[in-house]
Structures are given as C-alpha cells and as structure tokens.
Amino acid sequence: MTRTAKRVRTTKETSIEIEIDLDGWGRAEVETGLPFFDHMVAQLGKHGGFDLVIRAAGDLQVDAHHTVEDVGIALGECIREALGDKAGVRRFASIDVPLDEALIAVALDLSGRPYLVYDVDPGGGAEAYPLGSPPFDPQLAEEFWRALVTAAGLTLHIRMISGRNTHHIVEASFKGVARALRDAVRVEGSGVPSTKGTL
C-alpha cells in the first residue's frame, strides 16, 4: 500500500503544490517565501519520517497569514488522503519534546474529528518577537495548526510546559507534532482502530 498524496491549491491569494509520502525517509523540501516557516514545516518531514515537498507563493506583501494558513489546509488535505481508511494505524500518540529551556507536550488522535487545543505562549510570558526575514509572526503557528487539523481531521493538543525563547518554543512544537504524527500513522495492525469501524 502506498500512502502518498499530491495537492495543488490555487486562490487569488496563494498558489501551493504539495507532495507527501508518509512512509518516506524524512526528506523535506519546503519553499514558501518565509524562511523561518520553511524551517519549521521541514521539521514535520524530517522528524515525522515523511518525504515532503512544498512549493508555495503567496501575497506576502500583504501579510504572511494567507500563505501560512493555506499551506496548513493543503498539507492537512494531503495527510488525510494519504492515510486513506486508516486501517492498521496506531491512531493515538503523545510526546514531550524539549529544546533547551522550552518543553512542549503534544497529544494526537487520528480521530476524523478536527479539534485543536493550543495552549502555547510563543513569548514565554514576554512579548513574542518576529522570526526570520521576511518576518514570521509566531502567532501564525496557531493558525497553521488550526488549518491543518481541520483539513486532516485530527484531534491535536499542543501545550507549553516551559519556555522563554520564541524560536525554541515554536520549533519544539513543530518537532513534537512531527514525532506524534510519526507514531500515530505507524501501521501496526490490519483493522481500523475504532469500535465504529471507521475514522
């Protein structure tokens, strides 16, 4: 069984092409015009063990929001398609991921029911600072996760246990979701892991 998907999404604000292989080798190529965001999304491929290619062009002269959100939508759609009927997947996964002073807890369910709990202060109690050039507003991370969760049909909890450095907090979040996805999509049986018979 090949668990791959491709998606092209074109709007008046963005143009996006995505390919994913859930059973890849962690190769990631991400180009969105936002280098810090590219670095974060590449973590999903690298630490999730997915092969991931994303090419996105958006109206960054207006704001990064459209690009970030639409990448989340298209990637979520790809994940959902690649998972198919989810037969044999582990389904649930959770992990705590540290990055220096930052510690992020992630819990995930391939439930088919979109729900996001995002309890993360990207400034660690202070004002969060923009990351990269052109600048990435760390508050956009929540919009990315919400878009991905809705399109993929995932239940996702991301909670900050500790952290002060904005970069560390955001990066630990992406790495945590990547590792949880890696565990949740792992095939370890044959049937759909639900008493309903479908996810």
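## A walk through a predicted fold

Two strands pair if DSSP finds at least two bridges between them. Please keep in mind that this is a predicted model, in which local features need pLDDT of at least 70 and side-chain atom pairs count only at pLDDT 80 or more, while totals for chains, interfaces and linings use all residues. Residues are numbered from 1 along each chain as its sequence is written, and side-chain values use heavy atoms, with hydrogens and water left out.

Now step back to the whole chain. It has four helices and eight strands, and reading along the sequence gives the pattern β-β-β-α-β-α-β-β-β-α-β-α. Along its principal axes, the C-alpha trace spans about 45 × 40 × 30 Å. For 199 residues, a compact globule would have a radius of gyration near 16 Å, and the chain agrees, with 16 Å. That radius is taken over C-alpha atoms, and the globule rule is 2.2 Å times the number of residues to the power 0.38.

Four strands make an open sheet in the order β5-β6-β8-β7, with mixed pairing. At its edges are β5 (92-99) and β7 (115-119), each pairing on one side only. From one strand to the next, the twist averages 10°. Strands of a sheet pair through backbone hydrogen bonds, either parallel or antiparallel. For β5 and β6 (residues 102-109), the sense is antiparallel, over eight bridges. You can pick out partners by eye: Ala93 has Leu108 in β6 as its bridge partner, and Asp96 stands opposite Ala105 in β6.

Which residues does Ile161 touch, leaving aside those up to four places away in sequence? They are Asp96, Leu103 and Ala105, where contact means heavy atoms within 4.5 Å. Ile161 itself is in strand β8. Ile161 and Leu103 are 58 residues apart in sequence, but their C-alpha atoms are 5.3 Å apart in space. With a relative accessibility of 49%, Ile161 counts as partly exposed; buried means under 20% relative accessible area, exposed means over 50%, and partly exposed lies in between (1.4 Å probe, protein chains only).

Helix α3 (residues 140-152) lies across β7 and β8 (155-162), running at about 160° to β7. Helix α4 (residues 166-184) lies across β5, β6 and β8, at about 150° to β5. For these angles, axes are lines fitted to C-alpha atoms, for helices over the stretch in contact, and the angles run from 0 to 180 degrees between N-to-C directions.

Not counting residues up to four places away in sequence, Trp145 touches Leu44, Leu116, Tyr118, Leu156, Ile158, Ser173, Phe174 and Val177. Across the chain, 50% of the 199 residues count as buried. Among contacts between residues at least 6 apart in sequence, 79% join residues at least 24 apart.

Finally, visit a few backbone details in the loops. Is Lys86 buried or exposed? Lys86 is buried, at 4% relative accessible area, and its place is in the loop between α2 (65-83) and β5. Another loop, between β7 and α3, holds Pro134. A cis peptide bond joins Ser133 to Pro134, with omega about 0°.

Terms used. Helices (H or I, at least four residues) and strands (E, at least two) are DSSP runs, numbered from the N terminus.
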